[in-house]
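Thank you all for coming; today I would like to go through some side-chain and helix contacts with you.

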Amino acid sequence: MTHNRFRFAVTSLFAGLVAATSGASAQAPELIEPQAQAGEVVVTAGRLLDVRTGRMIDHPQVRVRDGRIVEVARAGAALPPNARVIDLPGMTLMPGMIDMHTHLDADPTYGGYTGLQFNDRFWSMISVGNAQRTLLAGFTTIRNVGSDAWNDVGLRQAIDEGKLTGPRIVTAAYSFGATGGHCDSTFFPPSMNQKSPYNADTPEEGRQRVRELRKYGAQVIKICATGGVFSRNTEPGQQQMSYAEMKAIADEAHQWGLKVAAHAHGTAGIKDAIRAGVDTIEHASLIDEEGIRLAKQHGAWLSMDIYNTDYTQAEGKKNGVLEDNLRKDREVADIQRENFRRAHAAGAKMVFGTDAGIYPHGNNAKQFAVMVRYGMTPLEAIQSATLTASQALGREDVGVVEANRWADLIAVNGDPTKDVTVLEQVPFVMKGGVVVKGEGAAQ
């Protein structure tokens, strides 16, 4: 399952299901306009979840200066003069969450060919609201693993410059793969001359694509190693990039300091991607015991989107998704979920990745309950979207509430380590020391 768009444009990358914004997308999300904070901010709450240990810290006091955490102490510790205090009584404070697989310039309510009714820039515009919904849902960092027309790069730059409000975005720009494969444009006849501008059919072409994409803003490289669900004339199990091609791409990306994510449903493609040095395997639906063993051996992370089928099977036909795509979705859904259970039980490294865009943005946290249903404890599911995800990103500035990291904080009612569904409603969100949702009691 990945982000594909049916559009008539020579530079179109995807053709398939258009993915994701909220079903209530006509309503602008409620948003507190961020303001620069002078001096220090202190956040207090009923308890703080230490995602490293799973321990709850009663009555925490988190000091924030210049957007970063200065100190994590207990309530009653000395406060700096003139500090602004945000009190969240009875609530559980925890790190802002991380989704490792999103497509912000996509909307699932336009499936099949229905997206062709819009101008190319429509998709750029909807990414703004999708980013806001994602942030307001408590996801302060996301990895966007494939977009069209550099939409995610422009969005990231606008957010970083303070022109828009949204999460921290790690951008892949265009994802790419083999001619005729899942990342190519496969829904149109030859007369329309549709193809991805970044197809790579040799190891050297793969190296060149890495250089081109990095040049214009890719911060992670996303490839399509196998066929997919929401593309035409591909099957999820088909391998579409060779080991040699993936090895060249991974080597080139790592030389530039970039990590590589591989869309890989199929068994053989998963294993070749891991052997080639790919850092994260997206979907991993048909992974077998050898693939799990290789993932552990090579330290690859599995990002398995095991919630979104609930949405696509319920709403896909109404949204215009073609029956062949829904058929593939049905065929891999339960297999993927059972393989998630097996991979987790075997001790493979798992990160939280939802394929947001296949379902409405802002509903990311609905996956937690499915992860628990298929074997994770609530704490393990939370860690996959905080501590573990930050490790997979190679970042030490997000994912944990501790000194020197960004003050990306959320607060929820109840104890998410006992009931992970409380994460589906996040009343308080702070990003970089700035409250964007639910200030609580300021003193």
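Let me start with a charge and a ring: the charged end of R68 sits over the ring of W406, 4.0 Å from its centre, where sitting over a ring requires CZ of Arg or NZ of Lys within 6 Å of the ring centre and within 35 degrees of the ring normal. A second case is K349, whose charged end sits over the ring of W301 at 3.7 Å from the ring centre.

Before I go on, a word on the source: this is a predicted model, in which local features need pLDDT of at least 70 and side-chain atom pairs count only at pLDDT 80 or more, while totals for chains, interfaces and linings use all residues. Residues are numbered from 1 along each chain as its sequence is written, and side-chain values use heavy atoms, with hydrogens and water left out.

Now to rings with rings. A search of the whole structure finds 15 aromatic pairs, a pair being rings of Phe, Tyr or Trp (its six-membered ring) with centres within 6.5 Å, called stacked if the planes are under 30 degrees apart, edge-to-face if over 60 and tilted otherwise. One of them is Y113 with F188, which is edge-to-face because the planes stand at 85°, with the centres 6.1 Å apart. This pair links distant parts of the chain, 75 residues apart, with Y113 in the loop between β6 (97-102) and α1 (120-136) and F188 in the loop between β8 (168-171) and α3 (203-215); helices here are DSSP runs (H or I, at least four residues), as are strands (E, at least two), numbered from the N terminus.

Are these two residues buried or exposed? Y113 is partly exposed at 37% relative accessibility, whereas F188 is buried at 16%; buried means under 20% relative accessible area, exposed over 50%, and partly exposed in between, for a 1.4 Å probe and protein chains only.

The rings of Y174 and Y198, by contrast, form a tilted pair, since their planes are at 40°, with centres 5.0 Å apart. Both residues lie in the loop between β8 and α3, so the pair ties together parts that are 24 residues apart in sequence. Y174 is buried, with a relative accessible area of 3%, and Y198 is buried as well, with 11%.

Finally, ring pairs also link Y110, F118, F122 and W123 into a cluster.
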